[in-house]
Amino acid sequence: LDPKEERALELAAALGVTVTPEEWRDACHIGGAWASHRLVDALLGAGLAEPDPDGPESGWSFVHVWLRESLLRRAEEAGRLGDHHRACAAMLSARPRRGAALELRLGRHLAAVGDHEACLAPLARGAWGCVIDSEYLEAENALAERDRAVEALELPLEDPRRGEGALMRARVARRLGDHAACARYAILAERSARAAGGGVRLSQALRERARVADHVGDRRVALRLLAEAESVADAAGDELAVAWCRRDRARELLAEGQLAEAEALFGVAATVFERASEVFGLGNCLEGLATARSLAGDSAECLALCGLAEEAYHQSMQVQEIAHSLVGLGTLAALCGRHEEALGLFERALDRLRAIGSAATDEARLGLARALAARGRVKAAERMMTELAEEHRAAGRPGWWARAEAERARLAAERAKFDEVQDALVSCAEGLNAVHLNDVAVSAAASRVAELGRAAGDAAVVALAARIAEVTSAE
């Protein structure tokens, strides 16, 4: 081979397993190599490369991992690999439109030559693009690479680039279900933001900590953190950040049964979301308002709000990940008494959440169990709640543990299986002993169990259920 063709082959290996002709040619032009048609034809003819389904003019891939690795090793031993990575980075930097995948490639080429300063921004942009595309593991890998660059630069705590990475890692960890890691990174992001003087990133870090507290079941801590997060966002003049804090606070208050305050917060947040065309946030708030009206016994207003919320969620599904909108639509269908539709929506949501690797399945599983029960499949619903309770009990999350057991107790009581009811109530009480939880759903489920136990003459069930209803009521 011509020396320039040898360098071109090494550059192709540096670009990746799959090679796009335009990128290869441009990188070779920058790197002083020659991307010849003869070289591609020779690779294809020898079975060392395979063409893109649309033909080699659209791209080709290395067939054998060993060939690409040997080319990279040869370039490294000859002292050329760094130049190849720089040529690839320069070529990618010149691209007019850079999505998440391209940003990650750019960041990794820069990191490969030790340009830690330059790699931070593209790795951050690429990682966040992966989060938006629900590619959480790829985002986690990119952020881990970015952290190594941060450590190599020895950035101080107050440097916003350190805090930015910690905040993104907290968000990714939460989506992957690693709440311990989420808490750890959120605290680091909070410390970094405080060292830098506060601002919106501090508000975002506090919100992440509040979400962890909510997941564990510590609503008092969640509300305290959210109040501070809202205050910080307001001081920073970020209206949208304030609205997200208010949405989160409203959800906590709604779960406690504090309807008036929750509705007020949902209302002001919805106004901001509508003005900003943030349709998912708008759907959340309208769903919250509909739920509040249902709890208040105002069925006409509940139905009207459900219609508006459904419209917002359908719009959201056109522009972002559909899984959480499907959960919202399932909740709305259940509120309207359309239980068969709700069942289908929750099943679709769970399928999608599992497909994207998200661990945020609790609401969908609870909704699906209730929809199954409403359609007469009570035993299946009970099994789901047993599994959910066991998972959260094992993970040390007493809030969801107690919620699932309260629902299981209600389902068993509807079947007059009071030995199972007693078992579920005892487990629910154990969860509640570990956390202070005002929860209107737990209280309502326990009240229903007490009512059914009273009709069956089971004094022990009545006493325990009534006590659970009392301690979880916000009144």
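This is a predicted model: local features need pLDDT of at least 70, side-chain atom pairs count only at pLDDT 80 or more; totals for chains, interfaces and linings use all residues.
Which residue lies over the face of Tyr-185? I looked it up: Arg-184 does, at 5.4 Å from the ring centre.

**Charges over rings**
I also checked Trp-400. Arg-403 lies over the face of that ring, and the distance to the ring centre comes out at 5.0 Å.

**Ring pairs**
Next I went through the aromatic pairs. Searching the whole structure turned up four. One of them is Trp-60 with Phe-62, edge-to-face, with 5.3 Å centre to centre and 70 degrees between the planes. I call this pair edge-to-face because its 70 degrees is over the 60 that the class needs.

Then I looked at how accessible these two are. Trp-60 has a relative accessible area of 2%, so I put it down as buried. Phe-62 sits at 6% relative accessibility and goes down as buried too, since the limit for that is under 20%.

I wanted to know where the two partners sit: Phe-280 belongs to helix 15 (residues 279–295), Tyr-313 to helix 16 (residues 299–316). The pair therefore ties together parts that are 33 residues apart in sequence. I checked burial here as well, and both Phe-280 and Tyr-313 are buried.

**Cluster**
Which residues do ring pairs link into a cluster? I traced the links and got Trp-24, Trp-60 and Phe-62. That brings me back to the edge-to-face pair of Trp-60 and Phe-62 from above.

Technical notes: Residues are numbered from 1 along each chain as its sequence is written. Side-chain values use heavy atoms; hydrogens and water are left out. Rings of Phe, Tyr and Trp (its six-membered ring) pair if their centres lie within 6.5 Å; planes under 30 degrees apart count as stacked, over 60 as edge-to-face and the rest as tilted. Buried means under 20% relative accessible area, exposed over 50%, partly exposed in between (1.4 Å probe, protein chains only). Helices (H or I, at least four residues) and strands (E, at least two) are DSSP runs, numbered from the N terminus. A charge sits over a ring if NZ of Lys or CZ of Arg is within 6 Å of the ring centre and within 35 degrees of the ring normal.
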